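Thank you all for coming. Please have a look at the sequence and the model on the screen, and then I will go through a few parts of it.

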Amino acid sequence: MNEMTPAQYAIPSGLSRRAVVDLGSNSVRLVIYEGEARNPVQIFNEKAVIRLAKGMTKTGRLDEAALEQTGTVLRRYAAIARAMGASPFDVLATSAVRDAENGAEFVKLMTRRLPDMRINVLSGEQEAALSAEGVLCGIPGADGVLADLGGGSLELVRLESGRVGQAATIPVGVIRLADRSGGDLLKARAIMTAELERTPFIGDAAGRDLYLSGGAFRALARIHIAQTGYPLNMVHHYTIGREEARDLAGVVSEAGRKLIERMPGVPRRRIEDLPYAAVILRRLLRSSGVNRVVFSANGLREGWFARLMPPEIRDEDPLLAAGRDLTRGTMRDAKLPPELISWTNPLFPGETGPQRRLREAACWLSDIGSHEHPEYRAEQAFLRVLRQAGIGLDHHARAFLALTMALRYEAPPDAAFLAPARSLLDMHATRRAETLGIALRLAYTLSAGTPQLLAGTSLTIAPDRLILGLAEANGVFAGDAVLRRLDRLAQMLGLEAETERK
């Protein structure tokens, strides 16, 4: 057996890698992205919790012991970036470094020690703008207000149907708020209320959504997901109503440390921060008047990545891009999905814009199981779509597309593994997903996954009938498998099946 040489393990040609470090008040995180894509692809993610800004409210300086730790961590991150061939390698330093008396001195020292590393000390306005762009990368139509919570500051940005509006930076990150209040939650509430009174634009989000980004807010989401038994353990796009969010914040802010430690889903590193994150959330809900809370895993780093992408990639629809990206390298014929979109048009008259986008994404995903074992294609396709790491799919889209793919590969409708998707969809969406999945199964049976054979077929809806048109001498015919799948599709639509030679 031949052994692989080191050269055969090299980074694939044509794939660029970019590294970014989020140097925050609470933690230092390295993320490495691969390739150019509308939905950033993370191939490495490491975080060190250092609490760089602890005590800074009193001293005005970054903690010396924490600075030493930070230097050690940055040297490791620089070594990782070099070994993985990532360039550029940027450090985004936020409120702790920009506000500390010894922040500039630290930057000079690290720049001298690690010349390959670019340290960018962001202003509050720059931090807010990047955070907003990161959220819009995954939720392009966001409308309401973004609250990005760090250890040293809270960035607030008005989002108006996908556009970035007014922004403000408030010195109430979880570490700084704890320091300013002396550990007294009643004082913390008063401080938060006073700060928000100086940010009048937050009230413009009344009736809209509050988008929450930052590790402490995501920890609150994880608690709620665990408490409610939610079927997807994913924070990104997790959405709850105003009253649910208010109750969650109330419980966490009033619970003592021992009770918080016993809560399901609590990240141990966030136990100290959670009461202050809860106080901040509750004041935000009161001041903004929003209807819903939407949690985002995106923020500063994704905003940085998006700025590096060419305009033609930034302007792509993230849902459709996710569908194309997930099947890249496994799709047997990239010309087929556009033909499938046209072929299924007659089945969905009067669909809305969002419904059509989901159907288009499903057509792009429809060959996702081509390389799987035949006995497991349905379940593997379902899980790959439901649990994929992309940011372009909200939870409804994940459930719809996963259920569609499972039925495209003829999963039993009552299969136990379908339960998470079915619980996230209403009856109408479930019906559409089932219909589309069965239609795609019929299309692949007819065409063998080729646009040439599909072109010799068509679907037409006439009064009480679903008609499958078959062109003469085109390599397609109405065999048993075709008739069985056509009948099933017609039953879903409440019609009689019929074939017709063209």
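Let me begin with a term: a residue is called buried when its relative accessible area is under 20%, exposed when over 50%, and partly exposed in between, using a 1.4 Å probe and protein chains only. This is a predicted model, in which local features need pLDDT of at least 70 and side-chain atom pairs count only at pLDDT 80 or more, while totals for chains, interfaces and linings use all residues. Residues are numbered from 1 along each chain as its sequence is written, and side-chain values use heavy atoms, with hydrogens and water left out.

The pLDDT, the predictor's confidence in each residue from 0 to 100, averages 92 over the chain, and 97% of the residues score at least 70. Over residues 1–13, however, the pLDDT is below 50. Where pLDDT is low, the predicted coordinates should not be read in detail.

Which residues of α9 are buried? They are Ala245, Leu248, Ala249, Gly250, Val252 and Ser253, and what covers them includes α8 (215–228) and α11 (274–288), contact meaning heavy atoms within 4.5 Å.

Finally, there is an open sheet of five strands, in the order β3-β2-β1-β4-β5 with mixed pairing, where two strands pair if DSSP finds at least two bridges between them. Strands β4 (residues 89–93) and β5 run parallel and are joined by four bridges, and leucine 92 has asparagine 120 in β5 as its bridge partner.

How values were computed: Helices (H or I, at least four residues) and strands (E, at least two) are DSSP runs, numbered from the N terminus.
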